[in-house]
Amino acid sequence: MKQIILKQRPVGKITEASFETKEVRLNGLHDSELHLKLVFLSVDPYLLGRMNNESADMPSFKRGEPIKSTGVLRVIRSESRYFEEGDLVVGQVPWQEEVIVSEKKVRKIDTSFISAKAYLGVIGMTGLTAYFGLLDIGKPKKDETVVVSAAAGAVGSTVGQIAQIKGAHVIGITGTDDKARYLVKEIGFNAAVNYHDPNFAENLKRACPNGVDVYFESVGGKISEAVWPLLNKFARIPVCGTISNYNSPAEEDVGPRVQRYLIQANALMQGFSVTNYKEDYKEATEQLIKWLREGKLTHKETVLKGFDQIVPAFISLFEGKNIGKIIVEMTD
């Protein structure tokens, strides 16, 4: 069966040269273990930090070993009293067509109401990242203005919807006019602006006549530079990523400094990782499911089919092509 390993650490723009597909064989199944077949796989920007040996809160991937991310898998053999053949489970697994894992490494999921793909997105790590970053650090209040970068992506689109639930005025920043229309017409953002527009800074200012109270930051670079002058007194800025420099050496990421804007606005800027909130996952997931059932949250996936599409899907994350969550669906 196929397995994808980290062949070499990426330098600059991520390419297929960093990966290698090889054939592997599974060991026998032991007590309390499960033989699983991959059904859906999540690819996420944070994985690049683990490939670059730059992740602060998770171990780096080693060269010659498989990449791992969250997947939905089907049980095809079980030596566990808690799982049966045919059960769907979710967990962190290698990029591999089939795996053998301990029963403790995965959890069973219910797809009677919620799609299996949602467990990789809106009620998975994506949804939790949006939930904790916005509510614990951003703390949006009714009628405040919340600006969301990478707003048509998996995290950003969820952030905007949660901000709406809290009664905020939501502005999305995205990379195409089609994505901007999607955010306004399908998700209900109050406005959305295209950062490729030559008049982006002016358009953003016009969309935020009352300034910016919360800026959910996941891009950095020139996009954020247009936000800093708009910060209101005591603005809050949760930071979950800097996509603008993921594909470039850090020394190239230069520009206006943010410090003076933070001082002028007495603003809070705080980086975070979803793993900081492990003890609260259950409660947050229950709330996300409740909002989903009530129709207050919606989700969209960009789905690529076939194991061989895993690497192209991952690379596409840094090219701004997707709307919503990127998921790879396995085919027989």
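## Sheet, helices and cysteines in a predicted model

Six strands form an open sheet with parallel pairing, in the order 10-9-8-11-12-13. Strands here are DSSP runs of E with at least two residues, helices are runs of H or I with at least four residues, and both are numbered from the N terminus. Two strands count as paired if DSSP finds at least two bridges between them. The edges of the sheet are strand 10 (191-194) and strand 13 (268-271), each of which pairs on one side only. From one strand to the next the twist averages 15°.

This is a predicted model, in which local features need pLDDT of at least 70 and side-chain atom pairs count only at pLDDT 80 or more, while totals for chains, interfaces and linings use all residues. Residues are numbered from 1 along each chain as its sequence is written, and side-chain values use heavy atoms, with hydrogens and water left out.

### The parallel sheet and its helices

Strand 11 (residues 212-216) and strand 12 (residues 231-239) run parallel and are joined by 2 bridges. Within strand 12, L231 is the residue opposite V212.

Helix 3 (residues 154-165) lies across strand 8 (145-148), strand 9 (169-174) and strand 11, and runs at about 170° to strand 8. Helix 5 (residues 200-207) also packs on the sheet, where it touches strand 8, strand 9 and strand 10. The direction of helix 5 makes about 170° with that of strand 10. Such angles run from 0 to 180 degrees between N-to-C directions, and axes are lines fitted to C-alpha atoms, for helices over the stretch in contact. Contact means heavy atoms within 4.5 Å.

A191 is found in strand 10. Leaving aside residues up to four places away in sequence, A191 touches V170, I171, G172, V184 and A207.

N203 belongs to helix 5. N203 is buried, at a relative accessible area of 19%. Buried means under 20% relative accessible area, exposed over 50%, and partly exposed in between (1.4 Å probe, protein chains only). With residues up to four places away in sequence not counted, N203 touches V193 and D197. The C-alpha atoms of N203 and A192 are 9.3 Å apart, and the two residues are 11 apart in sequence.

### Helix packing

Two packed helices are described by the angle between their axes and the distance between the axes. Helix 2 (residues 125-138) and helix 3 pack at about 50°, with their axes 8 Å apart. Helix 2 and helix 3 are therefore oblique to each other. On this scale, angles under 35 degrees count as roughly parallel, over 145 as roughly antiparallel, 65 to 115 as roughly perpendicular and the rest as oblique. On the helix 2 side the contact is made by T126, G127, T129, A130, Y131, L134 and L135, and on the helix 3 side by A154, V155, T158, V159, I162 and A163.

Helix 2 also meets helix 8 (residues 281-293); their axes come within 10 Å and cross at roughly 100°. Helix 2 and helix 8 are therefore roughly perpendicular to each other. In this contact M125, G127, L128, Y131, F132 and L135 of helix 2 meet Y281, A284, T285, Q287, L288 and W291 of helix 8.

### Other strand pairs

| Strands joined | Bridges | Sense |
|---|---|---|
| Strand 4 (residues 68-78) and strand 5 | 7 bridges | antiparallel |
| Strand 5 and strand 7 (residues 106-108) | 3 bridges | antiparallel |
| Strand 3 (residues 33-42) and strand 15 | 3 bridges | antiparallel |
| Strand 14 (residues 301-305) and strand 15 | 5 bridges | parallel |

Strand 5 (residues 88-94) is mostly covered, with 6 of its 7 residues buried. In strand 5, G91 is the bridge partner of G71, and V90 stands opposite R107 in strand 7.

Strand 15 (residues 325-329) has 4 of its 5 residues buried, so it is largely enclosed by the rest of the structure. E329 in strand 15 is the bridge partner of F40, and K305 stands opposite E329 as well.

### Cysteines

A disulfide is counted when a pair of cysteine sulfur atoms lies within 2.5 Å, and by this rule the count is 0 disulfides. C208 is in no disulfide, and the nearest cysteine sulfur, that of C240, is 19 Å away. C208 is buried, with a relative accessible area of 4%. C240 is likewise in no disulfide, and at 27% relative accessibility C240 counts as partly exposed.
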